[in-house]
Amino acid sequence: MNQRARVAMSGDEVTAFLEGARKLQLATINPDGTPHLVTMFYGLDEGRIAFWSYAKAQKVRNLERDPRVSCLVETGEDYNELRGVLLYGEAKRVDEPEQVLAVGLLVARRMTPGVADDLLLPYVEQTGRKRVAYVVERTKVVSWDHRRLT
């Protein structure tokens with residue numbers, strides 16, 4: 001078995017890893033073709049990465065032009081502790097106010113674990129007026145768990 005196959009996570013392991021994390025690195029494509037990379041809190045919508053952003057943000061302008069994204073979730077400090085999931089996909093914009101708020105609530109829950117929804121809702125409703133939301137449709141998943149190397 002090659003080393004790449006040894007460290008790859010199963011589908012269930014990828015799901016559990018994404019459910020247990022809070023932030024990701026989101027890459028979009030700038031007008032000049034260079035990557036635009038930002039850290040984002042995210043939620044999971046039926047297993048899909050979901051995020052929101054202010055409508056005037058650079059990442060939103062990039063996604064309007066080209067919806068392709070890369071999403072990296074990674075943990076570990078030393079080489080033998082590294083675990084991660086890299087998702088390639090297309091970000092589908094969500095415009096309906098109720099759906100934007102639903103994504104916002106998913107994200108807010110990750111940002112503030114253990115806080116009740118009724119306390120999060122006023123923030124989500126207020127900030128949601130200036131935001132758009134996206135759900136990432138995966139086209140490719142790459143994963144690794146270097147703990148398997150020891």
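**Hairpins and a sheet**

Guide: Let's start with the hairpin of β3 and β4, where two residues sit between the strands and Glu46 has a positive phi near 55°. This is a predicted model, in which local features need pLDDT of at least 70 and side-chain atom pairs count only at pLDDT 80 or more, while totals for chains, interfaces and linings use all residues. Numbering runs from 1 along each chain as its sequence is written, and side-chain values use heavy atoms, with hydrogens and water left out.

Visitor: What makes the phi of Glu46 worth a remark?

Guide: The value near 55° is positive, and Glu46 is a residue other than glycine. Glu46 lies in the loop between β3 and β4.

Visitor: Why does Glu46 count as exposed?

Guide: Buried means under 20% relative accessible area, exposed means over 50%, and partly exposed is in between, using a 1.4 Å probe and protein chains only. Glu46 has 76% relative accessibility, so it counts as exposed.

Visitor: How do you know that β3 and β4 pair?

Guide: Strands are DSSP runs of E with at least two residues, helices are runs of H or I with at least four, and both are numbered from the N terminus. Two strands pair if DSSP finds at least two bridges between them. Strand β3 (residues 43-45) and β4 have three bridges and run antiparallel, so they pass that test. One of the partners is Arg48 in β4, which bridges to Asp45.

Visitor: What else pairs with β1?

Guide: β5 does, antiparallel, over three bridges. Gln25 stands opposite Leu72 in β5, and Ala27 stands opposite Ser70 there. β5 also pairs with strand β6 (residues 83-94), antiparallel over eight bridges, and Leu72 has Leu86 as its bridge partner in β6.

**Rings and charges**

Visitor: Why is the pair of Phe51 and Tyr134 called stacked?

Guide: Rings of Phe, Tyr and Trp (its six-membered ring) pair if their centres lie within 6.5 Å; planes under 30 degrees apart count as stacked, over 60 as edge-to-face and the rest as tilted. The structure holds one aromatic pair. The ring centres of Phe51 and Tyr134 are 5.4 Å apart and their planes are at 20°, so the pair is stacked.

Visitor: What parts does that pair tie together?

Guide: Phe51 lies in strand β4 (residues 48-54) and Tyr134 in strand β7 (residues 131-145), so the pair ties together parts 83 residues apart in sequence. β4 and β7 run antiparallel with five bridges between them, and Tyr134 is the bridge partner of Phe51 in β7.

Visitor: Are Phe51 and Tyr134 buried or exposed?

Guide: Phe51 is buried, at 1% relative accessible area, and Tyr134 counts as buried at 2%. β4 is mostly covered, with five of its seven residues buried.

Visitor: How do you know that Arg131 lies over the face of Trp52?

Guide: A charge sits over a ring if NZ of Lys or CZ of Arg is within 6 Å of the ring centre and within 35 degrees of the ring normal. Arg131 is 4.5 Å from the ring centre of Trp52 and lies over its face. The charged end of Arg131 also sits over the ring of Tyr54, 4.1 Å from its centre.

**The pocket**

Visitor: What makes something a pocket rather than a cavity?

Guide: On a 1 Å grid over the protein atoms alone, a cavity is a set of points where a 1.4 Å probe fits but cannot get out, whereas a pocket is an open set with protein on both sides within 12 Å along at least five of seven lines; lining residues have an atom within 4 Å of a point. The largest pocket here has a volume of about 200 Å³, a volume being the space filled by probe spheres set on the grid points, which are joined across faces, edges and corners.

Visitor: Which residues line the largest pocket?

Guide: Among them are Phe17, Arg22, Lys23, Gln25, Leu72 and Glu74. α2 (11-20), β1 (23-29) and β5 (68-75) each give two or more residues to the lining, and β5 has the largest share, with four.
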